[in-house]
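Here's a quick briefing to read alongside the model.

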Amino acid sequence: MEPQRVRVAFVGFGNVGQALARLFLRKSDELRQQYNLQVEVSGIATGRHGIACDPNGIDLTDALQVIQSDQALDLLSKRNCGTIEDCLATCQADVLFESIPVNYQDGQPALDILRQALSLRMHAITANKGPVVHGYAELSRLARENGRHFLFESTVMDGTPIFSLFRHCLPAADLRGINGILNSTTNYVLTRMEQGDSFEGAVKAAQQIGITETDPSGDIDGWDAAIKLAALATVLMDFPLKPHQVERYGIRSLDETKVQAALKQGKRWKLVCRAWREDSRVRAKVAPEMVTADSPMYNVNGTSSIAQFDTDTLGLLTIIEQDPSPDTTAYGLFADFIRAIQA
Ligand SMILES: NC(=O)c1ccc[n+]([C@@H]2O[C@H](COP(=O)([O-])OP(=O)(O)OC[C@H]3O[C@@H](n4cnc5c(N)ncnc54)[C@H](OP(=O)(O)O)[C@@H]3O)[C@@H](O)[C@H]2O)c1
């Protein structure tokens, strides 16, 4: 049987977009053999590295080479592609992957990009938390109206299946609360400071391994943790929460002396996220806490994360993610892709 041809477009082709491209190249045989899918790329748009757009197909290996040699992707197009909106309107993609930097305040411009994709009847798949907290209800409705999917598994815990776990495996479960460590950068910085690094040195090391937000102050000041908690509350607790509604404290008040002193007492500083129901609303807080060795958070170190879900049906359910990377985030997008195409 002829494989089903699926055209995809990327908006954002940084750490995550490139990791996804490499995964598509690595998994092309599995996609063809197990799912009868043949993936073709018809658009790639970036901020400063240009746009490539061609409904007849763009070679992904060439695109990776161009971007890694810091050239503009326009090289790969036969004609001028215009703006990102023009590229989306002409690339005839079936699926859009969006992975541009997060905007905590209003989710833009990602929100408009995803709106356009869904209106053009593309499945819209994002790694970006902004559009989830600022547009979940609207984008989900737009997806339903167009018979498409809006999926975002990679937005929290880098590809670990959380949203799909609740969607597919926990029907009618009531989520009463969430506790966890949701930001890799701050956890990594705290671990490095326990090992003797200064605050600045530890942040630099986090940037070097590609785990920080494009602007690392979003991690350090707790915005990334707050927006992830807001996304979980919005989708899983059915309570729309914006990042600024989360009580938020970052880790700037901590240094290597404080962190090492805690460790000597058998405790660890962690940037802890908590969301809970109170009366008819959900409250949420991100703040440094000293945890003791009997806490499941105590041994979650380095870039690893943990989420504990307090449900009325299974009690406390704990998920630990070990050593995430742009590759695990890419897998979340890839898994969403298969879910969208197969649904
Ligand atoms: N890194 C991770 O492991 C991870 C994990 C989970 C979620 N995420 C989320 O995934 C997204 C991308 O992360 P990343 O690490 O890949 O970031 P990144 O390496 O900084 O890449 C961002 C990409 O978006 C492009 N871009 C920037 N502004 C744009 C605009 N206005 N329109 C179109 N393209 C634009 C950039 O192009 P130029 O480089 O040409 O400017 C670049 O290709 C973020 O929302 C992040 O929160 C990342």
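Domain bounds here come from an automatic or database domain assignment. On that basis the protein chain splits into domain 1 (4-159 + 326-342) and domain 2 (172-321), and their centres, taken over C-alpha atoms, are 28 Å apart. Keep in mind that this is a predicted model: local features need pLDDT of at least 70, side-chain atom pairs count only at pLDDT 80 or more, and totals for chains, interfaces and linings use all residues. Residue numbers start from 1 along each chain as its sequence is written.

**Where the domains meet**
- On the domain 1 side, 13 residues are in contact with 18 residues of domain 2 (contact: C-beta atoms, placed from the backbone, within 7 Å).
- The biggest contributor to that side of domain 1 is α6, with four residues; helices are DSSP runs (H or I, at least four residues), numbered from the N terminus.
- By class, the domain 1 side has nine nonpolar, two polar and two charged residues. Ala, Val, Leu, Ile, Met, Phe, Trp, Tyr, Cys and Pro count as nonpolar, Asp, Glu, Lys and Arg as charged, and the others, Gly among them, as polar.

**Around the ligand**
- There are 27 residues around the ligand, and Gly12, Gly14, Val16, Thr46 and Gly47 come nearest (near: C-beta atom, placed from the backbone, within 6 Å).
- Domain 1 and domain 2 each put at least three residues into this shell.
- α1 (15-26) and α13 (326-342) supply at least two residues each, and the largest share, three residues, is from α1.
- The shell divides into twelve nonpolar, twelve polar and three charged residues.

**α1 against α3**
- The axes of α1 and α3 (residues 60-68) come within 10 Å and cross at roughly 150°. Axes are lines fitted to C-alpha atoms, for helices over the stretch in contact, with angles from 0 to 180 degrees between N-to-C directions.
- α1 and α3 are therefore roughly antiparallel (over 145 degrees; under 35 is roughly parallel, 65 to 115 roughly perpendicular and the rest oblique).
- Gln18, Ala21, Phe24 and Leu25 of α1 meet Leu60, Thr61, Ala63, Leu64 and Ile67 of α3.
- That contact has seven nonpolar, two polar and no charged residues.

**α5 against α6**
- α5 (residues 110-119) packs on α6 (residues 129-145) at about 15°, with the axes 10 Å apart, which makes α5 roughly parallel to α6.
- Among the contact residues are Leu111 and Leu114 in α5, and His134 and Leu139 in α6.
- The contact of α5 with α6 holds eight nonpolar, four polar and one charged residue.

Definitions and conventions: Two residues are in contact if their C-beta atoms, placed from the backbone, lie within 7 Å.
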